[in-house]
Amino acid sequence: MLTLPQRLLYFSDLVAGYFSKISCPSCGSEDSGLVDRKKLVARLFECGHCKLRFRHPRDEESTLSRFYQEQYSEPDGITTRLPDAAKNLAAGNDLLQLGEGARSAKRLIPCLTAITKRQEIKSLRLLDYGCSWGYMLQEFRALGCNVQGFEISQPRAAFGREQLCLEIVTDPSEVRKDNDIVVCSHVIEHVPDPRQLLNTLRALTLADGYVLLMCPNGSREMQASLPSIYRKMWGKVHPNMISSEFLLATLPDVPLLIATEITDLFGLAENWNGRSVLQADNMSGIELFAVIRGGNE
Ligand SMILES: [Zn+2]
C-alpha cells in the first residue's frame, strides 16, 4: 500500500496534471479515448493507434525512479515484501516454499518445456528482467538453469546477491544479451514506455529463444467481466494496462502466444510451431501471459 505522504503527492500530481496534453507514452499519438476513471481526477485512456491503456496524467521519470528505490507493496499480493522474505530467511525457512502461487517459477515450467521442445529446462540461459530479490531466479537456478537477474531497486538486488548468492545486476549495460529465455513478471505495467521495454526484452533474447511476459490483464474483456477489480489494478503503481490488442499492434509480424490463464497458455504452447500468432479464446482472466519470439539475431 502507498504511504499517506505518497498518496497525497499522487493526488496533487493528478490535480496539477489534469489539463496537461494527453498523449500516448508509448507511441506519442494524441488520438485516445477515455475507458475508465476514479478519484475524480485519475483517468485511464486507450491509445487509438497502439491500443495502450495508460493513466493520465503520467509521472515524471525522475518521480518514478525515486519511487522504485523506496520500499513499496501492493494490495494485489503479487509484489513481494522484502522484510517478510528477510524474516523468513533469518528464521531458517526455505525461500523456495515462499515461491508459491503467482510468484512461483514452478507454474511456468510446463510452458517453458513446451515452447523449447525439451523434457526439462536444465541448462537454459535464463534472465529474469525485474527480478526483485530473486525469488523466481533461485527456483530456476535450483532447476539447473544458468541464471542472471536485472533489478532497478538497489536494496532488492543487494538482498538477492548477498543472501542468495545470485547474480543480480542493476546496471542495464551489464545485462547479458544471449538468453534462451527472458522472464519479465509484473514489470511492464510500471514502466514509462511499454513498447521500449518490449524491444529491450526481445533484444536480450536469442532469435530462437522466447520472452515470457506476465502482467495484470488490461484487456477490455477483463474490464467487462470484473470492472471493480479492473479499476483497482490501475493507478499510481500501475500507470499502464497491457492488453492483447496492445501486444498485437506493437509487435506486428512477431510470433506470439497470448492467454489470461496459465493452462490456456500451455495449451497453445503445446502445438505451437514458434512462427505464428495464437490467442486463447477466453481473455477475461486477471493476469495476462504472453510468449514472444526473441529478436537477437
Ligand atoms: Zn499509442
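Which residues of the largest nonpolar core touch the most other members? They are Val182, Cys184, Leu213, Leu257, Leu265, Ala290 and Val291, in a core of 68 residues. Strand 8 (residues 205–216) gives the most to this core, with six residues. A nonpolar core here is a set of buried Ala, Val, Leu, Ile, Met, Phe, Trp, Tyr and Cys residues joined through C-beta atoms within 7 Å.

This is a predicted model: local features need pLDDT of at least 70, side-chain atom pairs count only at pLDDT 80 or more, and totals for chains, interfaces and linings use all residues. Residues are numbered from 1 along each chain as its sequence is written.

**Overall make-up**

The protein holds 11 helices and 12 strands. Both are DSSP runs numbered from the N terminus: helices are H or I with at least four residues, strands are E with at least two. Of the 297 residues in the protein, 40% are buried. Buried means 20 or more other C-beta atoms within 10 Å of the residue's own, exposed means 12 or fewer, and partly exposed lies in between, with C-beta atoms placed from the backbone. Among contacts between residues at least 6 apart in sequence, 63% join residues at least 24 apart. A contact requires C-beta atoms, placed from the backbone, within 7 Å.

Leaving aside residues up to four places away in sequence, Leu213 touches Cys184, Ile188, Ala290 and Ile292.

**Helix 4 against helix 11**

Two packed helices are described by the angle between their axes and the distance between the axes. For helix 4 (residues 109–116) and helix 11 (residues 262–270), the axes come within 8 Å and cross at roughly 15 degrees. Axes are lines fitted to C-alpha atoms, for helices over the stretch in contact, with angles from 0 to 180 degrees between N-to-C directions. The two helices are therefore roughly parallel to each other. Angles under 35 degrees count as roughly parallel, over 145 as roughly antiparallel, 65 to 115 as roughly perpendicular and the rest as oblique.

Helix 4 passes helix 11 in a left-handed crossing. That term applies if the near helix is turned anticlockwise from the far one by less than a right angle; clockwise is right-handed. On the helix 4 side, Pro110, Cys111, Ala114 and Ile115 make the contact, meeting Leu265, Phe266, Ala269 and Glu270 of helix 11. By class, this contact has seven nonpolar residues, no polar ones and one charged. Nonpolar covers Ala, Val, Leu, Ile, Met, Phe, Trp, Tyr, Cys and Pro; charged covers Asp, Glu, Lys and Arg; the others, Gly among them, are polar.

**Helix 5 and its cover**

Helix 5 (residues 135–142) is mostly covered, with six of its eight residues buried. These are Tyr135, Met136, Leu137, Gln138, Glu139 and Phe140. Their cover includes strand 4 (125–129), strand 5 (146–150), helix 6 (154–164) and strand 7 (179–185). Just after helix 5, Gly144 takes a positive phi of about 95 degrees.

**Backbone exceptions**

Two serines have positive phi without being glycine. Ser123, with phi of about 75 degrees, is in the loop between helix 4 and strand 4. Ser123 counts as exposed, with 12 C-beta neighbours inside 10 Å. Ser132 has phi near 55 degrees. Ser132 sits in the loop between strand 4 and helix 5, and with 26 C-beta neighbours inside 10 Å it counts as buried.

A cis peptide bond runs from His56 to Pro57, with omega near -5 degrees. Pro57 is in the loop between strand 3 (53–56) and helix 2 (61–69).

| Pair | Apart in sequence | C-alpha to C-alpha |
|---|---|---|
| Leu2 and Lys236 | 234 residues | 8.7 Å |
| Gln163 and Gly134 | 29 residues | 10.0 Å |
| Ala280 and Thr260 | 20 residues | 7.6 Å |

Leu2 is in the segment before helix 1 (4–17). Leu2 is partly exposed, with 17 C-beta neighbours inside 10 Å. Gln163 belongs to helix 6 and is partly exposed, with 16 other C-beta atoms within 10 Å. Ala280 lies in the loop between strand 11 (277–279) and strand 12 (287–293). Ala280 is partly exposed too, with 19 other C-beta atoms within 10 Å. Not counting residues up to four places away in sequence, Ala280 touches Ile258, Ala259, Thr260, Asp264 and Leu268.

Definitions and conventions. Two residues are in contact if their C-beta atoms, placed from the backbone, lie within 7 Å.
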